Amino acid sequence: MGDSTQFVIAGNWKMNGMLEESLSFVDNLTENPAPNAVEMAIMPPYTLLHSLSKPLAEKGVVLGAQSMYFEKSGAFTGSISPLMLRDAGCHYVILGHSERRDIMHEGNALLRKKLDAAWENGLEPMFCIGEHLEEREAGTTNEVLKNQLSVLAGTDVSLPLTVAYEPVWAIGTGKTASPEQVSETHAFVHQELARLGRKCRVLYGGSVNAGNAESLMACEGVDGALVGGASLKADSFMEIVAAAARVAA
Ligand code: PGA
């Protein structure tokens, strides 16, 4: 674990989730075994934010969104604004997820606008970074991460931020980074953040599940997990929360 006092286990549902099954997901969540040591968060699709806001809050789960546009309102058909996310009860917004970077072509300039807009509207960005397999194999991982983190240069370091290191080759593939790769890369990310004047939580993401969560959370510099597939079922999500609680104990 890094220096922070609380792990975050965040579930990124991506483009999954219908109303009824999502309400049963919340019903099936058991009690957080260590609320002081582990924060639970769920990022459902936009369509579920309002409906899940209250039921999740009642279970002590923090709400987040998976993306947003940077304008407050206006003629931006199909977009969701930071104000709307606040209105729906969100605390977090994921920005820079590799699926947004790769499929929707979101780059540094746009992400900086989104980060600023999140902060201006009282949201905490969960800012994702990570290298592709070719980049890891070419030995350029640190360079890639440094470039992605450079978006934070000159931002107000007192504003809340959580970073998620997600190697792209580990997302949805069942392959996780080894504990050595995780510790080494998290050390680099914390160091780079410190160079930018920041001290914040750095989560690991990429095929985290009930079976590997404990060893990943125990890696030096890891402050929680951003979980995709394994966050879609309440029992596997709670098992990951329990694993983090054991590491924190
Ligand atoms: P995964 O997704 O856990 O399904 O690999 C993680 C993520 O993309 O945040």
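**Notebook: a helix pair and the ligand site**

I looked up the handedness first: helix 7 crosses helix 8 in a right-handed way, meaning that the near helix is turned clockwise from the far one by less than a right angle. Helices here are DSSP runs (H or I, at least four residues), numbered from the N terminus.

This is a predicted model, with pLDDT of at least 70 needed for local features and 80 or more for side-chain atom pairs, while totals for chains, interfaces and linings use all residues. Residues are numbered from 1 along each chain, and side-chain values use heavy atoms, without hydrogens and water.

I then took the packing of helix 7 (residues 141–149) on helix 8 (residues 179–195): the angle is about 35° and the axes are 10 Å apart. Axes are lines fitted to C-alpha atoms over the stretch in contact, and angles run from 0 to 180 degrees between N-to-C directions.

Next, the ligand. I found 13 residues around the ligand, and Lys14, His97, Glu166, Gly172 and Ser207 come nearest; near means a heavy atom within 4 Å.

I checked polar contacts (N or O pairs within 3.5 Å). A ligand oxygen is 2.7 Å from a side-chain N or O atom of lysine 14. For the side chain of glutamate 166, the distance is 2.6 Å. A polar backbone atom of glycine 229 is 2.9 Å from a ligand oxygen.

Methods: Helices (H or I, at least four residues) and strands (E, at least two) are DSSP runs, numbered from the N terminus. A polar contact is a pair of N or O atoms within 3.5 Å; within protein, one must be able to donate a hydrogen and the other to accept it, and residues adjacent in sequence count only if both atoms are side-chain atoms.
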